[in-house]
Amino acid sequence: MNKYTLSTIAASLVLILSACADGDNGADGINGYSALIAQTKLPIGNENCKSSGVQIDSGLDVNNNNILDNTEITATEFICATNTTEVNSNELLTSLNNPWFKQGAAEIDEATSIWNKIDAQLAGNTNVSITSASTAAEITALKGSAKNVILFVGDGMGISTITAARILDGQNKGMTGEENQLSFDKFPFSGLAKTYNVDAQTPDSAGTMTAMMSGIKTDAGVLGVNEDVVRGNCTSTKNIEMITALELAEIAGKSTGIISTARITHATPAATYAKSAERNWEDISDMDIDNNAERAGCEDIALQLVNFEANLEARYAGVDVDGIEVVMGGGRRHFLPKDASFNSIDAVSAIEGDRTDGRDLTAEWRAHYTNGAYIVDQASFDAINPDTTTRVFGLFNESHMQYEAGRSNDIAGEPSLSEMTAKAIGILDNNEEGFFLTVESGRIDHAHHAGNAYNALNDTIEFAKAVQAAVDATSQEDTLIIVTADHSHVFTIAGYPKRGNPILGKVVGIGETEASLASDNMPYTTVGYTNGLGYRNLGTETDADASYLAAPVTGRVDLTSVDTTTAGFHQESLVPLGSETHAGEDVGIFAIGPGANLITGTNEQNFIFHVMDYAANLSGTSK
């Protein structure tokens, strides 16, 4: 079998039949048989001619049918095209001018620029390049490149929530939506986190945030302690308390801050500072000490926040810290006594405080930090000068802060998450040693529990604005920013809606103008929930929690005349429950700044602590 190379190949299949006979012994035949040749064009990728070519078969027409049958082939040759090593640029114009193609190419250029910047940053750190570090000494030398660390946690912000919020944000800007990017979509490094707790396949916020803050996985419902804890048993927490990244930052001399749109004593923010066998012990009234005497040996979570400095110094001999500089969120009720005379200007309940020990922890905080500002409203927040303010304790609501869509309804006014983030950074960055800040958008989770995609997505959009505020207020040269979630929700994007279809609307198929119908001849929404309270049509109501005033709705609802894009619409659910549940799939991690390159692939959630610790060398610089 012979193989030859041609410079050009015919563009169509060619079959040539040649026949000749010259008597019994013709030049082209033997014993009177005709000699035949068959030529077949080969496609690109053929095993004999990778770049295409021609197969030439020859033989004698033994059966005299003027066709060269397979059994008659006695010789085969291949004439192959020359391998192509370059393409004429004119042939690529369609691709080169395509906006998707150009966007992808630009992202490659940007990624190269980022790696070059990382190399340049680290060149001054014992002259080690991240792309060439190989020895243990060289790798260790990369520690501590981040002066500041900011951890953003979108509570309940699963991948489907990010996707839907990205689309909604784009549509709010007049785009079709899908092509839009949230602030952290643009971060150069990303990965996934496995969110399960030690004892739970689908996790809760206490166990997941403890993993991120302490570097260990633990049980659901507990804060700052390892898996040896017995939930609800105070004494079981002794000697198994874990140190958090925030505490390490305090010991290292950095300024620290906690921000949340939830109660500041709620699971996610509490995991930064509290050690508790029960996430629900937000104040002493939650502990039922009268019937559980052993719990008297544990502090409630609100008290642990106010006593943070003293507790940390008592836990580690010789440590001297100055306490958390910025605390902003909701949850005033857990710091005030159960006495109407202590009500704040925007109290919702007749008696705002819950504490049954008579203590006003806000007064205790002010007495200890005489240079600090305790604030409860928008006006006081606006009056804070970050250049001259050293400490802030802001409790802007009796319970959780408002959903972003209803923030203007607050009696005394509440700052947005992005406003709180910018203000906090302005205060914290006055410290030459740097800072550690945790920012939680807690109400994404609450809106999902209520089955209300509108508020979940709008709070995610505001969360992305807070991330952008942090990017604008810091430098990639010295600040590591990580954006992630503690867990996901059973929230899904379904059907086959056409490009640009309103993400909160009913499914309208490709090329269609009317809503698609399910097998029951009723329309259905693009986004929905696997379980929960189900359908509600509350019009312009911006408080997602209003859904809890009625029992779960089972079965399908005819949405033909319902505007599903309003703030008060709650999507249908498959399984009726008193509240929609968390989900167990992985969540995203997005990172920028020194150490961000460590965020790749699929990781255990507690890995996030180790990235922050490594990037800022928190444990190595604690003193």
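1. A salt bridge is taken here as a side-chain nitrogen of Lys or Arg within 4 Å of a carboxyl oxygen of Asp or Glu. The model is a predicted one, in which local features need pLDDT of at least 70 and side-chain atom pairs count only at pLDDT 80 or more, while totals for chains, interfaces and linings use all residues. Residues are numbered from 1 along each chain as its sequence is written, and side-chain values use heavy atoms, with hydrogens and water left out.

2. Asp 185 and Arg 166 form a salt bridge whose closest N and O atoms are 2.9 Å apart. Because Asp 185 lies in the loop between α4 (159-172) and β6 (189-194) whereas Arg 166 belongs to helix α4, the pair ties together parts that are 19 residues apart in sequence; helices (H or I, at least four residues) and strands (E, at least two) are DSSP runs, numbered from the N terminus. Both Asp 185 and Arg 166 are buried, where buried means under 20% relative accessible area, exposed over 50%, and partly exposed in between (1.4 Å probe, protein chains only).

3. Arg 556 and Glu 572 also meet through their side chains in a salt bridge, at 2.9 Å from N to O. Arg 556 sits in the loop between β16 (536-537) and β17 (569-570), and Glu 572 in the loop between β17 and β18 (573-576), so this pair ties together parts 16 residues apart in sequence. Arg 556 is partly exposed, at 34% relative accessible area, whereas Glu 572 is buried, at 13%.

4. Elsewhere, Glu 178, Glu 179 and Arg 499 are linked in a network of salt bridges, and the count for the model comes to 21 salt bridges.
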